[in-house]
Amino acid sequence: PPLAEQKRIVTKLDNLFAHTRRAHQELDHIPKLIERYKQAILSAAFRGDLTADWRKENNSLSMLYMDNKELINAKVEELSILPEKWAWINISSVAKVTGGLTKNQSKMKLEKIVPYLRVANVYANEIRLDEVLEIGINESEWKRVKLEKEDLLIVEGNGSLEQVGRVAIWNGEIENCAHQNHLIKIRFDELVIPKFALYWLLSLDGRRAIMQLASSSSGLHTLSMSKVSSLPMPLCSVKEMNIIVEIIETLFKKIDRLEQEYQKAMKFLDRLEQSTLAKAFRGEIVPQDPNDEPASILLERIQKERENQQTPKKRQLSLFKEKT
């Protein structure tokens, strides 16, 4: 295009991209806001706020029976005050905590081969099954490491305090699946709804308890079966747990829809920038001015300037080429 039009195009693109950059910056806040909102919901859930009205109306159903259950120990500091009829307990009071399968070369020689989950498969509230490996196993080990629906899997650790204790629930996506020794399995008894425990361990207070127990003076942050067993969790009646889980998931679905809209908006902005560039180079983004010097004249002037800048020898050679 003419030089004057090029300048108008660049000015127009700069203005448009300034808008899209601001839009990107505003949208970039949304994932953090979504995470804060989810954490606010979890905090309210485990303070008993989400079911406060229900407890008033269902006083008898909110009774908590604690026969022969061990109360929380003092390993974790600053546990919050719970609603009346709730109690702090150790996970070992309501669950069986077990380790997984140790991988070695001899395992592949065994006759029984099963799929197994690794640390790479377990993320916060997410099981990723893009790559599931197989391993040989003895029948004597199989019962201990076989996964059952609603087992919780918690990452033992990899040195990073932020990644220790990633936890997700197993929904039985793969039949006859085991887990490796770097994943600790939690299987709850009838006093606990597994998803209630999952959401507790995903909450800020749950994460704080995990990090307190996983931290070490050596700088390597790990969990063990004994540490997981001693993790605290709030306990209320099963009926109230079910209601809490239902409310959490209803609210999370609404937030997830917001996240989907955010993802659509980000893709739209990327496409908008590309379509804007395409329009610019089709000559459709700014009006053309008939008073602009045509590009052909500009090119002729540039060619002449280059010829004038050539040395006499190069100019003579150029004239020779034109004649021949």
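This is a predicted model: local features need pLDDT of at least 70, side-chain atom pairs count only at pLDDT 80 or more; totals for chains, interfaces and linings use all residues.
Among the aromatic residues, Phe 46 and Trp 200 form an edge-to-face pair, and among the strands, three make up an open sheet with the order 6-3-9.

**Asp 205 and its surroundings**

- Asp 205 is part of helix 6, which covers residues 204–214.
- When residues up to four places away in sequence are not counted, Asp 205 touches Ser 80 and Trp 200.
- Although Gln 39 is 166 residues from Asp 205 along the chain, the C-alpha atoms of these two residues are separated by 9.6 Å.

**Aromatic pairs and the cluster**

- The structure contains four aromatic pairs, and one of them joins Phe 46 to Trp 200, with 5.6 Å from centre to centre and 75 degrees between the planes, in an edge-to-face arrangement.
- Phe 46 belongs to helix 2 (residues 30–46) and Trp 200 to helix 5 (residues 194–202), so this pair ties together parts that lie 154 residues apart in sequence.
- Tyr 199 lies in helix 5 while Phe 252 lies in helix 8 (residues 238–280), so the pair ties together parts that are 53 residues apart in sequence, and both Tyr 199 and Phe 252 are buried.
- One aromatic cluster is formed by Phe 46, Trp 88, Phe 196 and Trp 200.

**Charges over the ring of Tyr 123**

- The charged end of Arg 128 sits over the ring of Tyr 123, at 3.6 Å from the ring's centre.
- Arg 166 also lies over the face of Tyr 123, at 4.4 Å from the ring centre.

**The open sheet and His 179**

- The open sheet has three strands in the order 6-3-9, and their pairing is mixed.
- Strand 6 (133–136) and strand 9 (178–179) are the edge strands, since each of them pairs on one side only.
- Strand 3 (residues 113–117) and strand 9 run parallel and are joined by two bridges, and within this part of the sheet Tyr 116 stands opposite Ala 178 of strand 9.
- His 179 is located in strand 9, and at 0% relative accessibility it counts as buried.
- The side chain of His 179 reaches the backbone oxygen of Leu 183 at 3.1 Å.
- Leaving aside neighbours within four places in sequence, His 179 is in contact with several residues, including Thr 98, Tyr 116, Arg 144, Leu 153 and Lys 185.

**Strands 1 and 11**

- Strand 1 (residues 87–90) and strand 11 run antiparallel and are joined by four bridges, and the bridge partner of Asn 90 in strand 11 is Pro 232.
- From strand 11 (residues 232–235), Pro 232 and Pro 234 point one way, whereas Met 233 and Leu 235 point the other way, and all of these residues are buried.

Definitions and conventions. Residues are numbered from 1 along each chain as its sequence is written. Side-chain values use heavy atoms; hydrogens and water are left out. Contact means heavy atoms within 4.5 Å. Rings of Phe, Tyr and Trp (its six-membered ring) pair if their centres lie within 6.5 Å; planes under 30 degrees apart count as stacked, over 60 as edge-to-face and the rest as tilted. Buried means under 20% relative accessible area, exposed over 50%, partly exposed in between (1.4 Å probe, protein chains only). A charge sits over a ring if NZ of Lys or CZ of Arg is within 6 Å of the ring centre and within 35 degrees of the ring normal. Two strands pair if DSSP finds at least two bridges between them. A polar contact is a pair of N or O atoms within 3.5 Å; within protein, one must be able to donate a hydrogen and the other to accept it, and residues adjacent in sequence count only if both atoms are side-chain atoms.
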